[in-house]
Amino acid sequence: MTTLEEPSAPAQQAALKIDGLEMSYMVRGTARSVLRGVTFEVRPGEAYGLVGESGCGKSTTAYAALRYLPSNGVIDAGTVTSDGQELTAMSAKELREFRARKASMVFQDPVQAVNPVLKIGRQVAEAFEVMGQSKKQAEESALEALKRVRIAAPESVMDRYPHQLSGGMLQRVVIAMGLACDPTLLVLDEPTTGLDATVEAEVLDLVRDLREELNSAILLIAHNLGVIRTMCDRVGVMYAGRIVEEGTVDEVFDNPSHPYTKGLLNSIPRHGLQKTDRELFAIPGTAPQVGAHLPTCTYIDRCPIATDLCHSEVPPIVERSDGHWTRCHHSDRLDEVPEPDETEVAFDVGTEEVIGVRGVSKTFHQRGHDVPALVGVDLGFAEGETLGLVGESGSGKSTLAKTMLGVHSPDEGGAITLRGRKMADKATDRIEESVRAVSMVFQNPDSALNRSWTVRRILKRSVVRLTGVKGEAADRRVEEVAEAMQLTPRHLDMRPRQLSGGLKQRVAIARAFAGDPEVVVCDEPTSALDVSVQAAILNLLATLQNDERSSYLFISHDIGVVRYLSDRIAVMYLGRIMEIGATATMFAGVNHPYTEALLSAVPSVDGVAENRIPLAGEIPSPANPPSGCVFHTRCHRAIEGLCEVTEPDMVEIGPGHSIKCHLTVEQLSEPLVVKERMLAEVADDPLVD
Amino acid sequence: MLRFIIRRLLLSLVTLAILLLIITALPNLAPGDPARKVAGGTASPERLAQVTEDLGLNDSIITQIGDSVTSVATLDFGTTADGRPVTDVVRTSLWNSFKLVTLSLLVIVPLSILGGMVAAYKKDTWIDRTIVNVGLAFSAIPDFVAGVFLLAFLGVPFEFFKVQANAPGAGPLTQIQHLLLPVIAVLAVYFGYLARITRAGTINALDADYTRTAFMRGLSTRDVFKSHVARNALQPTVAVLGTQLGYLFGGMVALEQVFTYPGVGKLIIDAVNGAEYPLLRAGVLAVAVIYMLATLTADVVIAYMNPRARLSVGDS
């Protein structure tokens with residue numbers, strides 16, 4: 001195994017050094033290898049990122065950095081060293097000391113990572129007690145720690161239980177715990193996955209600021225390449241338990257030198273790519289299973305430029321530039337990696353409105369309170385059109401989707417129309433044609449498909465229920481639909497658990513298309529999938545749309561994906577459409593201040609974003625919306641005396657481009673000078689419950 | 001929390017009222033003539049009429065219910081066939097059951113919780129399998145069968161184990177010694193059940209991210225169990241204990257029979273056999289009250305353990 005020691009490396013010892021680490025999981029008595037010789041180091045004060053698709057061993061590596069093995073995990077070879085101490089040789093007591101004083105870890109889901117039955121103060125204080133502080137000292141230190149992560153109202157947070165805080169606040173709490181010991185090494189495992197883009201941006205800002213204060217080394221695991229690009233100095237690309245490419249983030253992302261890295265980067269919509277430009281690149285095949293036998297190059301089965309050499313010899317480490325290397329025999333032939341072609345297909349959007357949302361409001365009644373979840377929403381879908389819908393969690397996106405489907409009925413006066421005619425409010429009251437007209441693809445195909453049914457039965461039920469076709473004709477229709485989803489007849493007799501995530505989502509999409517719908521509501525259809533699988537699903541959705549002429553309501557947190565697929569984009573906040581316009585117009589400039597902040601929060605793979613506009617505090621509760629313009633409490637352009645008094649009307653500022661804002665186009669185009677003030681407000685913002 | 005307890009107590013009163021209705025109506029609905037059963041087959045017609053009158057069966061059902069309510073309010077349920085006050089008889093049985101149940105809990109709860117937690121921590125090892133399977137095997141044996149076996153293999157050959165569970169007037173230690181065999185029988189039945197519930201709860205808590213976070217913070221296994229796992233893992237166990245406590249009081253009829261122990265179970269079955277309706281009424285009501293208090297206590301304990309459970313309690 002080659003180790004990478006730069007001759008010029010400073011005498012200072014690495015905060016984390018993993019050397020030739022091989023690990024396997026014992027599954028029913030057989031060892032299945034998961035790490036196949038991982039070697040990298042994180043220098044003091046450096047941020048190192050690990051990227052790769054699920055199952056590649058990222059998280060296993062992260063846990064190994066603190067020597068936390070699952071009960072069936074075995075280290076077969078290699079060492080893990082931190083600051084000169086070898087973790088792999090430590091006793092249980094030394095290891096506890098190491099975790100208490102030297103290293104910390106922050107996990108993916110902050111809601112799960114804190115104990116639901118203990119007060120926040122108690123849990124943070126515990127991190128200090130482990131280091132020998134008295135209860136009283138620890139409590140004071142805990143309060144300090146919460147102040148350091150700039151949480152709103154730290155005194156009151158100390159006394160609260162986890163379920164009383166939002167995800168973003170909890171992640172701050174978890175980070176506060178992690179920083180208790182001023183760690184030499186901080187491991188962050190997908191710290192922002194599952195958080196809203198705006199909250200994600202805040203958490204990332206916090207980590208970046210703290211890094212300057214602390215001089216901790218950071219190991220950041222993320223599948224979001226944008227997060228890695230904006231946060232890290234260097235990055236390692238992992239595939240099937242091995243690092244296949246390493247270098248500075250700029251080098252690796254701008255000049256990828258391994259076929260896998262190239263494939264990964266090609267599969268995400270970058271540089272404002274749209275479906276009319278070209279298809280996304282989906283890496284063919286699937287990632288190898290844990291324990292697969294891969295004696296030479298691990299990427300061999302999916303590599304477009306593999307030769308006989310790749311089958312017979314382990315690829316060497318090839319230096320590309322200083323500190324940038326790839327583990328590939330053919331790094332000189334990377335140009336041969338096929339790039340997706342420019343698309344010839346024209347995506348025509350019809351002019352006639354198929355489905356309309358007309359003045360729809362939805363008020364829920366909770367414990368005697370009115371909670372307006374949707375307020376006067378007006379939208380129309382033309383044939384073959386994709387309308388992207390963005391907004392933070394709690395902005396009413398899913399309520400809108402459910403109202404269209406007839407799960408919720410809109411308040412008096414609102415209507416969902418099909419070719420101009422009002423449909424019944426409740427799905428159960430709708431005539432067959434209306435029921436067929438709207439269908440849905442859910443975020444998580446695992447829970448959306450009946451696990452004990454075969455794919456054929458799942459699809460047939462939808463075909464029979466929606467089209468009324470029976471018997472052999474129904475079977476034929478099932479096969480047709482499946483074929484359109486690029487599912488083979490073999491898949492039809494499988495059950496969902498035998499399928500990969502991507503295939504399951506194809507089945508869910510097939511089901512949605514079974515009744516030949518006019519509009520398909522896609523609620524985060526790719527956010528549970530890996531990027532290369534996501535690419536295939538997005539391509540599929542685009543192709544289907546062209547063939548079937550159906551419209552999409554496409555809900556997603558991922559602005560890049562929304563931009564790729566959508567013809568128009570609507571931005572929602574507290575149940576109201578704040579802005580709507582053609583995709584190109586939306587990204588070209590003058591936006592509603594909320595859109596402006598949302599767009600600026602996205603960590604981009606294409607390099608560091610411009611000035612970020614922080615959103616003060618959290619989204620207000622719909623039960624108690626702010627007066628005037630609902631966004632004024634967080635708006636960086638709010639005009640005192642106007643915005644908190646009167647609610648603005650929707651005004652058209654360009655062809656098909658409307659915003660709900662008092663400001664004029666000229667005012668909105670002025671560059672921002674308010675960043676400092678906004679940051680100060682974040683710190684004092686009172687706790688939102 | 002107080003509001004929750006009051007609300008629950010009021011609800012319990014409603015349940016008790018319904019129960020009272022049913023047991024008051026019982027003699028009127030029972031097949032055959034209850035008075036004949038009480039007085040005996042050879043009783044004279046005068047005697048029979050007297051007994052019918054004493055049982056209140058000549059009164060309208062409304063009057064009977066009124067009498068029931070009065071008897072509950074004054075805690076005076078009349079006298080038994082042999083002239084003892086019902087209240088005293090029930091009180092003695094309750095005290096006996098209380099001794100048996102308390103001693104059983106003191107043995108069973110720590111043992112099953114420990115067993116369940118060890119099994120969870122050593123999941124899928126031989127230790128886990130032994131605990132789970134042994135527990136399951138013993139749970140499958142009815143308590144009175146276990147009792148008979150214990151009598152045969154421990155009670156008869158060893159002087160130390162007493163065949164008679166009841167030792168009236170003896171010192172506390174002697175009483176405990178006498179209760180050992182029935183306690184072991186109860187343990188055999190409940191250990192497997194409680195240990196398995198605890199094991200499942202502990203496995204969930206051990207798999208949880210917050211437990212992993214606690215380990216990553218450098219806490220020792222003991223501290224992790226003490227401050228993070230226990231409170232989360234034991235909630236189902238507490239809930240089950242709450243519902244089983246009522247059963248332990250009134251349901252161990254057969255076991256009490258085997259060890260000739262005068263507990264509430266034996267009281268109720270004797271009352272049924274002798275058609276002693278006042279005794280039956282008081283005994284059933286006593287068990288119901290204990291059952292309700294036990295489940296209420298369990299809910300309050302869970303609300304204390306889990307702040308989210310307090311939400312449903314209406315106290316956030």
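Strand S10 (residues 242–248) of chain A is mostly covered, with 6 of its 7 residues buried, a residue being buried if 20 or more other C-beta atoms, placed from the backbone, lie within 10 Å of its own. Strands here are DSSP runs of E with at least two residues, helices are runs of H or I with at least four residues, and both are numbered from the N terminus. The model is predicted: local features need pLDDT of at least 70 and side-chain atom pairs count only at pLDDT 80 or more, while totals for chains, interfaces and linings use all residues. Residues are numbered from 1 along each chain as its sequence is written, and chains are lettered from A and ligands numbered from 1 in the order in which they are written.

| Strands | Sense | Bridges | Residues opposite each other |
|---|---|---|---|
| S10(A) and S12(A) (324–327) | antiparallel | 2 bridges | Glu246(A) and Trp325(A) |
| S18(A) and S19(A) (519–523) | parallel | 4 bridges | Val438(A) and Val519(A) |

S9(A) and S10(A) form a hairpin with 2 residues between them, and Ala240(A), in the turn, has a positive phi of about 50 degrees.

S18(A) and S19(A) belong to an open sheet of 8 strands in chain A, ordered S18-S19-S20-S15-S21-S22-S24-S23 with mixed pairing. Its edge strands, each pairing on one side only, are S18 (438–441) and S23 (650–654) of chain A. With direction ignored, neighbouring strands of this sheet are turned by 20 degrees against each other on average. Helix H13 (residues 397–405) of chain A packs on the sheet, where it touches S15 (386–390), S18, S19, S20 (551–555) and S21 (568–573), and its direction makes about 150 degrees with that of S19(A). For such angles, axes are lines fitted to C-alpha atoms, for helices over the stretch in contact, and the values run from 0 to 180 degrees between N-to-C directions.

Chain A as a whole has 25 helices and 24 strands. Its radius of gyration is 26 Å, close to the 26 Å that the globule rule gives for 689 residues, so chain A is as compact as a globular protein of that length; the radius is taken over C-alpha atoms, and the rule is 2.2 Å times the number of residues to the power 0.38. Of the 689 residues in chain A, 48% are buried.

An automatic or database domain assignment divides chain A into domain 1 (16–102 + 183–334), domain 2 (112–182), domain 3 (353–573) and domain 4 (576–684). The C-alpha centres of domain 1 and domain 3 of chain A lie 35 Å apart. Between these domains, 21 residues of domain 1 are in contact with 18 residues of domain 3 in chain A, contact being given by C-beta atoms, placed from the backbone, that lie within 7 Å. On the domain 1 side, the elements that give two or more residues are helices H8 (197–214) and H11 (259–267) of chain A, and H11(A) gives the most, with 3 residues.

Between the chains, 17 residues of chain B are in contact with 21 residues of chain A. Helices H9 (209–216), H10 (221–233) and H15 (307–313) of chain B each supply at least two residues of the side that touches chain A, to which H9(B) gives the most, with 5 residues.

Definitions and conventions. Two residues are in contact if their C-beta atoms, placed from the backbone, lie within 7 Å. Two strands pair if DSSP finds at least two bridges between them. A residue is buried if 20 or more other C-beta atoms lie within 10 Å of its own, exposed if 12 or fewer, and partly exposed in between; C-beta atoms are placed from the backbone.
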